[in-house]
Amino acid sequence: MTTFDQTYDVVVVGSGAAGLATALGAADGGLRVLILESTDKWGGNTAMSGGGLWLPNNPLMRRDGVLDSREEALEYLEATVGEAGRASSRARKEAFVDGVDDFVNTTEKYGITWARAADYPDYYPERPGGKIGRGIEVKPLDSKVLGPWYQSLRLIMPLPVMTDDVWEVQRAFSSFAGVKRVARIGSRVIGGLLTGKRLVGIGAALATALQSVVVGKLGADLWLNSPLTALIVEDGKVVGVRATRDGRPVAIGASRGVMLAGGGFDYNREWRQKYHGIDGAPSGNPGNLGGPIAAAEQAGAALELMDDAWWGASIAPLHGEPAAFIVGERALPYSIIVDGRGNRFANEAESYVDLGHNMLRHDKDGTYWLIGESRWLRRYVRSFALAAGKPAELKRAGILARAQSLAQLAEMIGADPATLIATVDRFNGFAKAGVDGDFGRGNSAYDRYYGDPKVSPNPNLGPLEKGPFEAWRIVIGDLGT
Ligand SMILES: Cc1cc2nc3c(=O)[nH]c(=O)nc-3n(C[C@H](O)[C@H](O)[C@H](O)COP(=O)(O)OP(=O)(O)OC[C@H]3O[C@@H](n4cnc5c(N)ncnc54)[C@H](O)[C@@H]3O)c2cc1C
């Protein structure tokens, strides 16, 4: 029998949305909860994320009179996820869909305010059961509710932005709607400042809302710098955990259970090579190293879905910094993605995970470029161009190239000029016809969400004709494993 330093009803490993939601449920049921966080910051990938929750048939849809049903939600899950092993059994899909109301109602009971991302589509809205507007997010809120915990929130975006802001903000240089949307965010910021608030949105809002209820209202303990090191198993049952707290080993009993919510293994190079065959270029929390997964495996747990990730395309990182994940920019007209030779290989506007899979299949972690022409540069706000660093440094690092002609650009990026020019000619023909005959870019409502509605006949297609042209080197990035 282990002698425990302390005992709780439930020990939760990890302080992201999975851990905090578990803690909320347990504490709501009257249980004493401890949350262990390995790093000096809580919130994980969750706090760095877009904070959007895909919750089909949710109460907010019903309040808005938007039709959805359990059957359609399950039909969509079957059509998209299908049978991918034990992790995607019918029972799990049903448990997820059937748990949505309870999750929303319980969080609302504690004052968490949700908003619908009404324009945001399912990633395959045309598949059976697919819809637009199933996502919800926490409304921007005052991070001052956290008190001193604000200092250790894993915050990267201290702004009250919301999901549906993104596609319009992209067009702030070229459309009245885009300017209006920026003004709306500005008025939220100013409104917050005038009322003495420090508003946060998206993932930071989700983490803040959950943590302030769990720790602030329900009194759960949250220990930073306290990684789980092993599960304690007695008579075939997990009865507690071993962890280190500020460098000292501790044994903690968990009379009702342990929840492993320590995220993926985004930054574990050895495992990335073992399971994915590449190093990976993650955008998330450096503390996601897979320790809790290893502890579970050691205790005899079966692992699933280790070979996959929330793949996507990212701008090649400068000096080992987290990679800048790109979503909307690659769906905008007047741009394409090509491989190192200069050939297109996928629908650039498809969901990030599909594009990542296509990159892996096409040339693994080979060379890829996102290429745009003058209108793409002039009309659209490209977040990575703002965030990625100084152009001169990016050019020196071989991440950014700029030229007046496609032939020059091809020379600069090491592609074959004739191939790149032929690719662009073919794409320009598709743009004029409004139909991408190779990869169907713009066919789905998902693609069009990030397109430019002022460009016709296809809001995702615009020809690459006028210099200057820019090429940004992209890599297979991810939002977590
Ligand atoms: C930039 C970005 C944008 C994203 N946008 C979205 C979005 O809009 N919608 C969406 O659904 N998904 C999005 N994702 C993915 C999403 O954020 C994650 O899938 C989700 O937050 C994972 O939640 P989690 O609680 O499982 O893990 P995390 O939030 O990563 O939390 C895990 C925590 O466990 C801690 N931990 C690790 N090892 C240990 C250990 N040994 N002991 C104790 N603690 C440990 C970690 O430090 C971390 O704090 C995004 C991700 C990123 C990076």
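Start by selecting residues 6-13, which form strand S1, together with residues 248-260, which form strand S11. In this predicted model, the two strands pair in the parallel sense over 7 bridges. To see how they line up, pick Tyr-8 and look across to S11, where Ala-254 stands opposite. If you are new to sheets, here is a handy reminder: strands of a sheet pair through backbone hydrogen bonds, either parallel or antiparallel.

Now widen the view to the whole sheet. How many strands form it, and in what order? There are 6, arranged as S8-S2-S1-S11-S10-S9 in an open sheet with mixed pairing. Select residues 221-223 for S8 and 228-234 for S9 to find the edges. Each of these has a single partner strand, so one side of each is left without a neighbour in the sheet.

Check the backbone here: phi of Asp-235 is near 50°, a positive value in a residue other than glycine.

Time to visit the ligand. Show the residues around it: 31 of them surround the ligand, and the closest are Glu-37, Asn-45, Thr-46, Gly-50 and Asn-288. What kinds of residues are in this shell? They divide into 10 nonpolar, 20 polar and 1 charged.

- Thr-46: an N or O atom of its side chain is 2.6 Å from an oxygen atom of the ligand.
- Asn-288: here the distance from a side-chain N or O atom to a ligand oxygen atom is 2.8 Å.
- Asn-285: a polar atom of this side chain lies 2.9 Å from an oxygen atom of the ligand.

On its own, the ligand has 1000 Å² of accessible area, and the protein covers 80% of that.

Colour helix H1 (17-28) and helix H2 (44-48) next; each supplies at least two residues of the shell around the ligand. Which element gives the most to this shell? That is H2, with 4 residues.

Move on to another sheet. Its 3 strands form an open sheet in the order S3-S5-S4, with antiparallel pairing. At the edges are S3 (53-54) and S4 (114-116), each pairing on one side only. Select residues 135-138 to see S5, which pairs with S3 in the antiparallel sense over 2 bridges. Here, Trp-54 stands opposite Gly-135 in S5. Then show residues 202-217, helix H8, which packs on the sheet and touches S3, S4 and S5. The direction of H8 makes about 65° with that of S5.

For the last stop, go to the loop between helix H17 (445-449) and strand S18 (469-478), where Pro-457 lies. A cis peptide bond joins Ser-456 and Pro-457, with omega of about 10°. Pro-468 is also found in the loop between H17 and S18. The peptide bond from Gly-467 to Pro-468 is cis too, with omega near 0°.

Technical notes. Residues are numbered from 1 along each chain as its sequence is written. This is a predicted model: local features need pLDDT of at least 70, side-chain atom pairs count only at pLDDT 80 or more; totals for chains, interfaces and linings use all residues. Side-chain values use heavy atoms; hydrogens and water are left out. A residue is near a molecule or strand if one of its heavy atoms lies within 4 Å of it. A polar contact is a pair of N or O atoms within 3.5 Å; within protein, one must be able to donate a hydrogen and the other to accept it, and residues adjacent in sequence count only if both atoms are side-chain atoms. Accessible areas come from the Shrake-Rupley method with a 1.4 Å probe; for residues, only the protein chains shown count as cover. Ala, Val, Leu, Ile, Met, Phe, Trp, Tyr, Cys and Pro count as nonpolar, Asp, Glu, Lys and Arg as charged, and the others, Gly among them, as polar. Two strands pair if DSSP finds at least two bridges between them. Contact means heavy atoms within 4.5 Å. Axes are lines fitted to C-alpha atoms, for helices over the stretch in contact, and angles run from 0 to 180 degrees between N-to-C directions.
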